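Me: I would like to go through the salt bridges and the ligand site of this structure, one question at a time.

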Amino acid sequence: MIKVAFYDAKAYDKPSFERFGGEHDMQFRFLETKLNEDTAELARGCSAVCVFVNDTVNAAVIDKLYDCGIRLIALRSAGYNNVDVHAAFGKIHVCHVPAYSPYAVAEHAMAMLLTSVRRIHKAYNRTREFNFSLNGLTGFDFHGKTAGVIGTGKIGRIFIDICRGFGMKVIAYDRYPAPDSGIEYVSLDELLARSDVISLHCPLTDDTRHMIDTDAIAKMKKGAVIVNTSRGGLIDAEALLEGIKDRKVGAACLDVYEEEADIFFEDRSGHILNDELLARLISMPNVIVTSHQAFLTEEALNNIAETTVNNILSYFEKDGLCDNELCYRCGHIERCKKERKEKCF
Ligand code: NAI
């Protein structure tokens, strides 16, 4: 039996993981706590850990897991910016779920955008109070507007298709443009200057951290709407708040926040929020925040569990080879030049 310590477990994770794991003699030790240096020891007796976006998987945690006998870190997410893959090299193998439902995330981005621009969140609250006034609910047509998409991978491209369905003009910026994709690529500066709506769909890396900062906001059209369903660190949240207060940014739709790790995914309604910046952002009438919810569909949860279980099985039962293993030399599984039939170590 393969035993897996499952960190940061939520009620919605368990049914799909128990179902797919149960089919393969895999037992999950569901732990509500997040993985960090203090909690790594809880994995002792297991051979793999399953982690999510806000678990800490730095060099110290990797060393502790290795001492506990862990040989595989199975991310149940696409993004892996929270894992020090270079520190894992030579010790613990790391795999992720490259795609589970890019539709879930792209559709959530559009849902937030429509909600914000057409003031659906405000209308919903009003009519529940039998307030049928339309004052302050004026939006704008998407048709004919320009959507600027940063990152044209799996999610970005679906978002592009959705925008085109609304009759929007789409321009995009990607550090690695996709040839023959029919996408109109422009420089980041041109995208910022021309877009009515800017949606972020690139990973968080040293290059992309705070790509939306004071300078970037200064280059935007007045009233531009920013959507972030990727990673919070792509946006300098203080700069965003200033842009909103200056009336430069028209609205912000945030599914992620740089300091979300100790806040999101939990019910904090009975507590005082210890993050003044987030509290101030949420208090703005033109900011919508969802708590890293974009992935949360039935289809995505099933795909996540199935792929994660298969990743773990292929590592422990099929010669240690796993298609979804990260490359520890370059850290970029998609562009890795190495033959996927070999392992880094
Ligand atoms: P992907 O790997 O298919 O596409 C990412 C794109 O970003 C690629 O085209 C890549 O060339 C581009 N890129 C890389 N570096 C760049 C840079 N410096 N500047 C501009 N573009 C750059 O990834 P996918 O599946 O589309 O996911 C995108 C992001 O969405 C993930 O990195 C993850 O952080 C986030 N995500 C968020 C979820 C949520 O629930 N909110 C769920 C799943 C993913």
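Me: Which side chain meets Arg194 in a salt bridge?

Reply: This is a predicted model. In it, the N to O distance of the pair is 3.6 Å, and a salt bridge requires a side-chain nitrogen within 4 Å of a carboxyl oxygen. The partner of Arg194 is Glu184.

Me: How many residues apart in sequence are the parts that Arg194 and Glu184 tie together?

Reply: Arg194 lies in helix H7, residues 188–194. Glu184 lies in the loop between strand E7 (169–173) and H7. The pair therefore ties together parts whose separation in sequence is ten residues.

Me: Is Glu184 buried or partly exposed?

Reply: The relative accessibility of Glu184 is 32%. Buried would mean under 20%, and exposed over 50%. Glu184 therefore counts as partly exposed.

Me: Which residues are linked with Arg194 in a network of salt bridges?

Reply: Arg194 and Glu184 meet in a salt bridge, and both belong to a network of salt bridges.

Me: Is Lys10, which forms a salt bridge with Asp8, buried or exposed?

Reply: The closest N and O atoms of Lys10 and Asp8 are 2.7 Å apart. Asp8 counts as buried at 2% relative accessibility. Lys10 has 11% relative accessibility, and the limit for buried is under 20%. Lys10 therefore counts as buried.

Me: How many residues apart in sequence are the parts tied together by Glu258 and Arg209?

Reply: Glu258 and Arg209 form a salt bridge, with their closest N and O atoms 3.7 Å apart. Glu258 lies in the loop between strand E10 (249–254) and helix H10 (276–283), and Arg209 in the loop between strand E8 (197–200) and helix H8 (214–219). The separation in sequence is therefore 49 residues.

Me: Which residue has a backbone N or O atom 2.9 Å from a nitrogen atom of the ligand?

Reply: Of the 23 residues around the ligand, those that come nearest are Tyr100, Lys154, Ile155, Asp174 and Thr229. The backbone atom at 2.9 Å from the ligand nitrogen belongs to Thr229.

Me: How much of the ligand's area does the protein bury?

Reply: A polar side-chain atom of Asp255 lies 3.0 Å from a nitrogen atom of the ligand. Taken alone, the ligand exposes 870 Å². Of that area, the protein buries 90%.

Technical notes
Residues numbered from 1 in each chain as written. Predicted model: local features only at pLDDT ≥ 70, side-chain atom pairs only at ≥ 80, totals over all residues. Heavy atoms only, no water. Buried < 20%, exposed > 50% of the residue type's maximum accessible area, 1.4 Å probe, protein only. Helix = DSSP H or I, 4+ residues; strand = E, 2+ residues; numbered from the N terminus. Near = heavy atom within 4 Å. Polar contact = N/O pair within 3.5 Å; in protein donor to acceptor, adjacent residues only side chain to side chain. Areas by Shrake-Rupley, 256 points an atom, 1.4 Å probe, with all protein chains shown as cover.
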